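What follows is a walk through one protein chain, from its overall fold to single residues. Keep the structure open while reading.

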Amino acid sequence: MVHGFSSAEKRRMWATLMEAIDQLPTADVPCQSDPDLFFFDEELCDVTPWEANNMAKALCASCPVKFLCAEYAIADDVRYGVWGGLTPSERSAVRRERKL
């Protein structure tokens with residue numbers, strides 16, 4: 001059976017993620033201090049998309065909310081940026097594997 005996420009579940013996941021982020025110093029949540037790396041825009045970044053993704057993923061590795069972030073992006077089918085150390089194509093692969 002295919003299980004998607006209801007709007008209420010997605011809102012709850014988002015609220016949980018935001019609450020967790022709010023409890024931490026900005027320096028502990030890399031995307032808060034350098035969002036351009038996580039949401040690549042060639043006009044704002046002086047690196048290639050591949051380099052930006054790799055740099056963002058490396059920063060996510062030590063992020064205390066990495067799991068919550070990835071799960072939210074997978075549930076809401078976010079198609080842009082690095083979330084929880086996963087690129088859009090990696091999140092799509094997880095969704096396919098989970099049959100979401």
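Helices (H or I, at least four residues) and strands (E, at least two) are DSSP runs, numbered from the N terminus. By that rule the chain contains six helices and zero strands, and its order from the N terminus is α-α-α-α-α-α. This is a predicted model, in which local features need a pLDDT of at least 70 and side-chain atom pairs count only at pLDDT 80 or more, while totals for chains, interfaces and linings use all residues. Residues are numbered from 1 along each chain as its sequence is written, and side-chain values use heavy atoms, with hydrogens and water left out.

The pLDDT is the predictor's confidence in each residue, from 0 to 100. Its average over the chain is 91, and 97% of the residues score at least 70. Among the elements, the lowest mean pLDDT, 84, belongs to helix α3 (residues 35–38), and the highest, 97, to helix α5 (residues 66–75).

The C-alpha trace spans about 45 × 30 × 20 Å along its principal axes. The radius of gyration is taken over C-alpha atoms, and the globule rule is 2.2 Å times the number of residues to the power 0.38. For 100 residues a compact globule would come out near 13 Å, and the 14 Å of this chain agrees with that. Contact means heavy atoms within 4.5 Å. Of the contacts with a separation of 6 or more, 50% are between residues 24 or more positions apart.

The accessible surface (Shrake-Rupley method, 1.4 Å probe; for residues, only the protein chains shown count as cover) is about 6,400 Å², and carbon and sulfur atoms hold 55% of that surface. For charge, Lys and Arg count as positive and Asp and Glu as negative, with His and the chain ends not counted; each charge is placed at NZ of Lys, CZ of Arg, CG of Asp or CD of Glu. The chain has 11 positive and 16 negative side chains, with the centres of the two sets 13 Å apart.

Buried means under 20% relative accessible area, exposed over 50%, and partly exposed in between (1.4 Å probe, protein chains only). Buried residues are 29% of the 100 in the chain. The buried residues of α5 are Cys69, Ala70, Glu71, Tyr72, Ala73, Ile74 and Ala75. Their cover includes α1 (7–22) and α6 (88–98).

After α5 comes Asp77, in the loop between α5 and α6. Asp77 has a positive phi of about 55° although it is not a glycine, and it is partly exposed, at 23% relative accessible area. Thr87 is also placed in the loop between α5 and α6. Thr87 is buried, with a relative accessible area of 8%. Beyond its neighbours within four places in sequence, Thr87 contacts Asn53, Lys57, Gly81 and Val82.

In the segment after α6 lies Lys99. Lys99 is not a glycine, yet its phi is positive, about 60°; its relative accessible area is 54%, which makes Lys99 exposed. Cys31 belongs to helix α2 (residues 30–33) and is partly exposed, at 22%. Cys31 and Ser92 are 61 residues apart along the chain, and their C-alpha atoms are separated by 21 Å.
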